[in-house]
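Let's take a look at this structure together. Have the sequence and the 3D view open, and follow along from heading to heading.

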Amino acid sequence: MAVETTTRAKLRWGLLDVLVVVFALVPVLWIASLSFKTPATLTDGNFIPREWTLDNYRTIFDTDQFVRALVNSIGIALIATLIAVVLGAMAAYAISRLDFPGKKLLVGVSLLIAMFPQVSLVSPLFEIERQLKIFDTWLGLILPYITFALPLAIYTLSAFFKQIPWDLEKAAKMDGATQGQAFRRVIAPLAAPGLFTTAILVFIFCWNDFLFAISLTSTERSRTVPAALSFFTGASQFEDPTGAICAAAVVITVPIILFVLFFQRRIVSGLTSGAVKG
Amino acid sequence: MADIVLDKVSKSFPDGTVAVQDVDLEIADGEFVILVGPSGCGKSTTLNMIAGLEDISSGELRIAGQRVNDKAPRDRDIAMVFQSYALYPNMTVRENMAFPLRLAKLDKETIDRKVDEAAKVLELTSLLDRKPANLSGGQRQRVAMGRAIVRQPKAFLMDEPLSNLDAKLRVQMRTVVSRLQKQLGTTTVYVTHDQTEAMTLGDRVVIMRGGAVQQVGPPQELYDHPKNLFVAGFIGSPSMNFLHAAVQDGELHTALGKVPIGDRVRRELEAADAPRELILGIRPEHFEDAELVDDDTRRRGMEFEAPVDIVESMGSDKYVYFTVEGEKASAAELEELAADAGAADFAGAGGNLVTRLSAESPVAEGQTRRVWFNLEKIHLFDPANGRNLTLHEGRAAGALAD
Ligand SMILES: Nc1ncnc2c1ncn2[C@@H]1O[C@H](COP(=O)(O)OP(=O)(O)OP(=O)(O)O)[C@@H](O)[C@H]1O
Ligand SMILES: [Mg+2]
């Protein structure tokens, strides 16, 4: 059945779309609105601020606390994403292409890790990291992020690799490519959408994590934004930090939006069409 | 340019499947060899072993006199055309064809010149900047060929390269392949399912069954002098007719009457372990309307009468289907052939007789017609092992030979 395209149908769909978008965006917009309010009007219940102010933003960027946390967040998430995607790509490639002993076990174990309740690992990790002297360091967060992001990366990527016709790789080998060249010049470009999708998912996972961030850090040295937010006090001890927290919340969604927008353009489907008679 | 030698090459997969068994094959420099056989007989596996995409379990593979068993595909200098074309979808036609040359680290000018040359030969010049997704099936096929010929490899391997094309394009591309191979003179191994491709393209045809080579030879030789039941039934379209024949009192009792046998076959049948039942094979074109046969020819054959089932007039001649009574020929080979061709195509062993008569024959459906057939063209097979008993020193001599 074809989708109706009459004006009435369009109107109906349009309304429905608006409804869904509004429903999803109200909390976000509410926070954005709070971030522009002065402390006096903060609780007046108006959706649109009556007195606009940028003070909250000024406050958070004035304190070293937030800027430092932002740097930590960006650094840790990017490094963890990069490593997880590279390792995940190699593992996924092996899983989708080779029949090696212990393949089922590998897949099973990575699935197990994904299902493991992270909360139960917090205290052991805390102890281990203190022993290893990586507690409250970037490495201390990057390592667990990679561990928990890898199963996700492996799963998404092997699904993408499986879609790429095997014949392409054989053809590349016949054309004189080494295994590495075949992967880099033929398979990887075709798996690019998968690599970007995975990168986005892993980045969001690292960026949003609160549990590890709060329990494996103790100072500004490596505290990421989600954790730092909970320590927010505002400009002075006695100010209500709500406005500042909201401003910070708005600020930390910006990198994610940029990240997604940047990579989304590369997630075009149908890259492999024309490769084989289908 | 190089010769390819397979010396007792076998392949068994980790799950125990023996896909190829002791294949001996010598492919001369510049020769065009066709591998045919039913589905699953190990054609692709053999080709992949020559290519280096599959390991060889045992035996030796030599290209240009050099053992290459352990060499990676890229060190064998062989090009392959895949059934699926396997074009790189992220590259343009030009980039696809240039890919092997770029890997070989040729300089840009040489690459451009070679690609342009190959594109010209295959009439791809105007398509060089397109992506494979925007090409038709035939064009993709040509790009795949182009990618194989640009770097002038020692040999071409092709795995059913035309089977994804429609019938008309396939005929067209067949001549392209044939012309290209003659022009370049490059050793070629070509896998196909198609009778016509097998008969028309190659210098020699290799028939495989269950991983083993059945017979190797020029197409006409396989057609005229099949070594066994399988080859006889596989080559030819429509296929050879097979009838049950009981040996009795120095004669063969068949559905077409009592067929006399000559001394040579009689001697074969006198051995203690000789079969008491045979399978008689005869090709459709060795029948003729009895009215149209002159006396001289008549003496070389015999006649029978049977009801006409269907007449298909082809203009140049008529395919006439007769119903014959009697026991059906049965052998493992025949069942396999029927399964591969689909029961409809392989009428060979049923109660049906396919004949090709002259166009002048006034034969009509429903009537009973008198038909002559050539005894010199008859083949007799041992149902137990499929051996052709009428074959003597590689020549088939019919049932009457002394
Ligand atoms: N990786 C594998 N593992 C186990 N058995 C295999 C494998 N690849 C192929 N085989 C088996 O080996 C036999 C030969 O396969 P092959 O692909 O060479 O057949 P083919 O002659 O090319 O058939 P087709 O005409 O259908 O392409 C088949 O029985 C097949 O099931
Ligand atoms: Mg095959």
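## Two domains in chain B

Between domain 1 of chain B and domain 2 of chain B, the count is two salt bridges, a salt bridge being a side-chain nitrogen of Lys or Arg within 4 Å of a carboxyl oxygen of Asp or Glu. Keep in mind that this is a predicted model, where local features need pLDDT of at least 70 and side-chain atom pairs count only at pLDDT 80 or more, while totals for chains, interfaces and linings use all residues. Residues are numbered from 1 along each chain as its sequence is written, chains are lettered from A and ligands numbered from 1 in the order in which they are written, and side-chain values use heavy atoms, with hydrogens and water left out.

So where are these domains? Domain 1 covers 4-227 of chain B and domain 2 covers 230-396, with bounds that come from an automatic or database domain assignment. Their C-alpha centres lie 36 Å apart. In contact (heavy atoms within 4.5 Å) are 19 residues of domain 1 and 20 residues of domain 2. About 1,700 Å² is buried between the two domains, and carbon and sulfur atoms give 61% of that; this buried area is the accessible area (1.4 Å probe) that two parts lose on being put together, summed over both.

## A six-stranded sheet

Chain B also has an open sheet of six strands with mixed pairing, in the order β6-β7-β8-β3-β9-β10. Its edge strands, β6 (78-81) and β10 (212-217), each pair on one side only. Strands here are DSSP runs (E, at least two residues), numbered from the N terminus, and two of them pair if DSSP finds at least two bridges between them.

## Strand β3 up close

Which strands does β3(B) run parallel to? One is β8 (residues 187-191), joined to β3 (residues 32-36) by four bridges; I34(B) has Y190(B) as its bridge partner there. Another is β9 (residues 204-209), which also pairs with β3(B) in the parallel sense over four bridges, with R204(B) as the partner of V33(B).

Is β3(B) mostly covered or mostly open? Mostly covered: five of its five residues are buried, meaning under 20% relative accessible area (1.4 Å probe, protein chains only). F32(B), I34(B) and V36(B) are on one side, V33(B) and L35(B) on the other.

## A salt bridge to find

Now zoom in on R209(B), which forms a salt bridge with E336(B). Their closest N and O atoms are 3.1 Å apart.

Key: Buried means under 20% relative accessible area, exposed over 50%, partly exposed in between (1.4 Å probe, protein chains only).
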